[in-house]
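Please study the sequence and the structure before reading each solution.

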Amino acid sequence: MVFLYSFSSTRNEKRVIEDVNISFAKGQENLFITHEIVNNLLKQNLGGSLKVEKDKVDLNTLETVLDDHGMIEKAEVFSTIDGSLSAQIIQKTPIARFLSSDTSYYLDSKGDKMPLSENFSARVPLVVGSLAENGTAKYMELLNEINQDDFLNKNITGVKILPSGSVILTNRNYDYKIVFGNPVYVKKKLKNYKAFFYHAVKDTLVKQYKEVNLMFTEQVVCKK
């Protein structure tokens, strides 16, 4: 039995990788990173060829390489007994896109940067202004709340961060600007805005508003 186990183990280690199976997490139909890109990353780190003996494949290194890619949140790489190499990929999910005169990138829910993709463009709020100067982290609660709320996700199209750190939001359907102020009492302010919008759309005067101010947490102040 020991001989047979040793024989089969040695034979399995000398087996050459014949195929690569790449899969993405369930529900991630919109691929920012393609099968081809993942395949090329694996190939580059296997010496330029996928025809490699199993015992020479460092699975941990391959996972690290994939995890370091700007569009991948987590990768799991493993080999199967039939000689296949499998890579299961979880993509990062963009919640906003930052734009300046010299750069543009996505932000995921953790505030990490994601490169833009030639394969797919996400429909997320456009962020402009003094993001880096004021620190990305302090605005992540606001961006995440917008992303996770179905109404806000469809309604808020832009986030402008002023040098002072104050925030101006833009609305998809109306021309008024939403003065959010500093990113504090985020949930309360957004709740106030949703309540305002629910009642305002029933009033024809909403089209005359130029500004909706959420800075006062106990009320919403509108200007024509």
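A residue is called buried when its relative accessible area is under 20%, exposed when it is over 50%, and partly exposed in between. The model used throughout is a predicted one.

**Exercise 1.** Determine where glutamate 211 and lysine 177 lie, and classify glutamate 211 as buried or exposed.

*Solution.* 
Step 1. The side chains of glutamate 211 and lysine 177 form a salt bridge, with an N to O distance of 4.0 Å.
Step 2. This pair links distant parts of the chain: glutamate 211 belongs to strand S11 (residues 211–213), lysine 177 to strand S10 (residues 177–181), and they are 34 residues apart.
Step 3. The relative accessibility of glutamate 211 is 14%, so this residue counts as buried.
Step 4. For lysine 177 the value is 39%, and therefore lysine 177 counts as partly exposed.
Step 5. A network of salt bridges links Lys177, Glu211 and Lys223.

**Exercise 2.** Find how many salt bridges the whole structure contains, and then examine the one between aspartate 149 and lysine 194.

*Solution.* 
Step 1. In one of them, the side chains of aspartate 149 and lysine 194 meet at 2.6 Å, N to O.
Step 2. Distant parts of the chain are linked by this pair, whose members are 45 residues apart: aspartate 149 is in the loop between helix H5 (137–148) and helix H6 (150–155), whereas lysine 194 is in helix H7 (residues 186–200).
Step 3. Aspartate 149 has a relative accessible area of 18%, so it is buried.
Step 4. Lysine 194 counts as partly exposed because its relative accessibility is 32%.

**Exercise 3.** State what separates lysine 154 from aspartate 150 in helix H6.

*Solution.* 
Step 1. A salt bridge joins lysine 154 to aspartate 150, and their closest N and O atoms are 3.5 Å apart.
Step 2. Because lysine 154 and aspartate 150 are four residues apart in helix H6, about one helical turn separates them.
Step 3. Both lysine 154 and aspartate 150 are exposed.

**Exercise 4.** Describe the backbone angle phi of tyrosine 185, and decide whether this residue is buried or exposed.

*Solution.* 
Step 1. Tyrosine 185 is located in the loop between S10 and H7.
Step 2. Although tyrosine 185 is not a glycine, its phi is positive, at about 50 degrees.
Step 3. With a relative accessibility of 61%, which is over the 50% cut-off, tyrosine 185 counts as exposed.

Key. Residues are numbered from 1 along each chain as its sequence is written. This is a predicted model: local features need pLDDT of at least 70, side-chain atom pairs count only at pLDDT 80 or more; totals for chains, interfaces and linings use all residues. Side-chain values use heavy atoms; hydrogens and water are left out. Helices (H or I, at least four residues) and strands (E, at least two) are DSSP runs, numbered from the N terminus. Buried means under 20% relative accessible area, exposed over 50%, partly exposed in between (1.4 Å probe, protein chains only).
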